[in-house]
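Please read the following note beside the sequence and the model.

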Amino acid sequence: MPCSPRTVNRPVLQAMAICGLSATFAASAGAADRDWSTLTEPLAGEPRIIGQHGAACLIGAVRLPPEGEGYQAVDLQRNRHYGHPDLVDYLEGLGRRVEAAGFGPMLVGDMAQPRGGPMSYGHVSHQSGLDVDIWFRLDLPPLERSQREGIEQPILVDATTGELDKTRWTTNQAELIRLAAQDPRVTRIFVDGAVKRDLCEREWDDRAWLQRIRPWPFHDEHLHVRLRCPEGAADCVDQPPPPPGEGCKAILPTPRPIAMDRPRQTLPAAC
C-alpha cells in the first residue's frame, strides 16, 4: 500500500506503521510471494493485525519470553514465537494456571513470525499473531534452551483405529485443554476428533467451553488455540463464531491427509 495522502490522514502511528510495512517490501512482487521468514524483527508501532488468520500481517508484535511460570517455548530457532500482545498475555496467564494445577511445564510451539505473513512450511494459518500451538506432551522437566530444539512430539491417536493412545493420553492433557479454553478471548481450539470425543465423554461441572473445541486434521499431538480479534482492531477479520451447542454429536475421525494445504497466496493490500 503506497504512503499516499489518503494514508497519512489516518492517526500518525497507524500511518507510520502502514508506510513502514510497505517500505520494507519495496518490490513489485505480491506480498504473499515474498519470504516472510526472512524478516527477523517485528515492525515497530501500535499493535495492529491486518487481515485474518490465514492471510494477514502484523505490526507491533511481541515476542513470548522463551520460558516463564508453567511453560517453556520450544523450537526457538524457527523464530516463530511472536504474536499480538493479547496472545502473549494469554499464554503467560495459561502458564500460571498450569503451574497452579500441578502439571507441566506446557510446551509452547509455533505462534507467528515477527511480522506475521505466510510461513514457508508447517502452517496455513498462524499469520495474524492470534494463533499458537501447545503440545500435548507434559512429561518433560524444565530444559535448557538448547535442549528444546527438535524434541519428539508423539502422536497420540492411532492412525488405523482413530483411537487415543491411553498410555500417552491422560487427565492432565484433558485438563490442559479445559484451562486453555476458559479464557473469554479464545474463539476456537483445534484438536483431533478422538480428543474431542474423549472430552465430550468426561464429566465436567461446566461444559460450555466444549463448543470452542473443534475437530481438525493434523492436531493429534498438539492443541491449536485461536484468539478472537482484539476489541477495536478494525483491520482484523474474525471467523464466524462456532455453531451453537457442545459439538459432541457424530464426531467423525480426523485422519492425517497425505499433504497439508498451502498458505493463501493473496494478502491484504496494506501488507
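1. Basis of the note. This is a predicted model, in which local features need pLDDT of at least 70 and side-chain atom pairs count only at pLDDT 80 or more, while totals for chains, interfaces and linings use all residues. Residues are numbered from 1 along each chain as its sequence is written, and side-chain values use heavy atoms, with hydrogens and water left out.

2. The chain overall. The chain has 5 helices and 12 strands, taken as DSSP runs numbered from the N terminus (helices are H or I of at least four residues, strands E of at least two). Of its 271 residues, 52% are buried, where buried means under 20% relative accessible area, exposed over 50% and partly exposed in between, with a 1.4 Å probe and protein chains only. Among contacts (heavy atoms within 4.5 Å) with a separation of 6 or more, 74% are between residues 24 or more positions apart.

3. A sheet of three strands. An open sheet of 3 strands has the order β2-β1-β12 with mixed pairing; two strands count as paired if DSSP finds at least two bridges between them. The edge strands, each pairing on one side only, are β2 (55–59) and β12. β1 and β2 form a hairpin with 2 residues between them and run antiparallel, joined by 5 bridges, one of which pairs I50 with C57 in β2. β1 and β12, in contrast, run parallel and are joined by 2 bridges: G51 has C236 as its partner, and Q52 has V237. β1 is mostly covered, with 5 of its 5 residues buried.

4. The nonpolar cores. A nonpolar core is here a set of buried Ala, Val, Leu, Ile, Met, Phe, Trp, Tyr and Cys residues joined through side-chain atoms within 4.5 Å. The largest has 48 residues, and L91, M106, I177, L223 and V225 touch the most other members. Elements that each supply at least two residues of this core include α3 (85–101), β8 (131–135), α4 (171–181) and β11. Apart from this core lies another, of 9 residues, among them W36, L43, I59 and C271. Leaving aside residues up to four places away in sequence, M106 touches several others, including Y71, L91, L94, V98, I134 and L176.

5. Helix α5. Is α5 mostly covered or mostly uncovered? It is mostly covered, since 7 of its 9 residues are buried, and these are G193, A194, V195, K196, D198, L199 and C200. The buried residues of α5 pack against α4, β9 and β10 (213–215).

6. The cavity. On a 1 Å grid over the protein atoms alone, a cavity is a set of points where a 1.4 Å probe fits but cannot get out, and lining residues have an atom within 4 Å of a point. The count comes to 1 cavity of 30 Å³ or more, and about 80 Å³ of space lies in the largest cavity, a volume being the space filled by probe spheres set on the points, which are joined across faces, edges and corners. Its lining has 16 residues, with H53, R226, L227, V237 and D238 nearest the centre. β1 (48–52), β11 (222–227) and β12 (236–237) each supply at least two lining residues, and β1 gives the most, with 3.

7. By class, the lining of the largest cavity has 6 nonpolar, 6 polar and 4 charged residues, where Ala, Val, Leu, Ile, Met, Phe, Trp, Tyr, Cys and Pro count as nonpolar, Asp, Glu, Lys and Arg as charged, and the others, Gly among them, as polar.

Technical notes: 1 Å grid on protein atoms, 1.4 Å probe; cavity = no way out; pocket = protein on both sides within 12 Å on 5 of 7 lines; lining within 4 Å.
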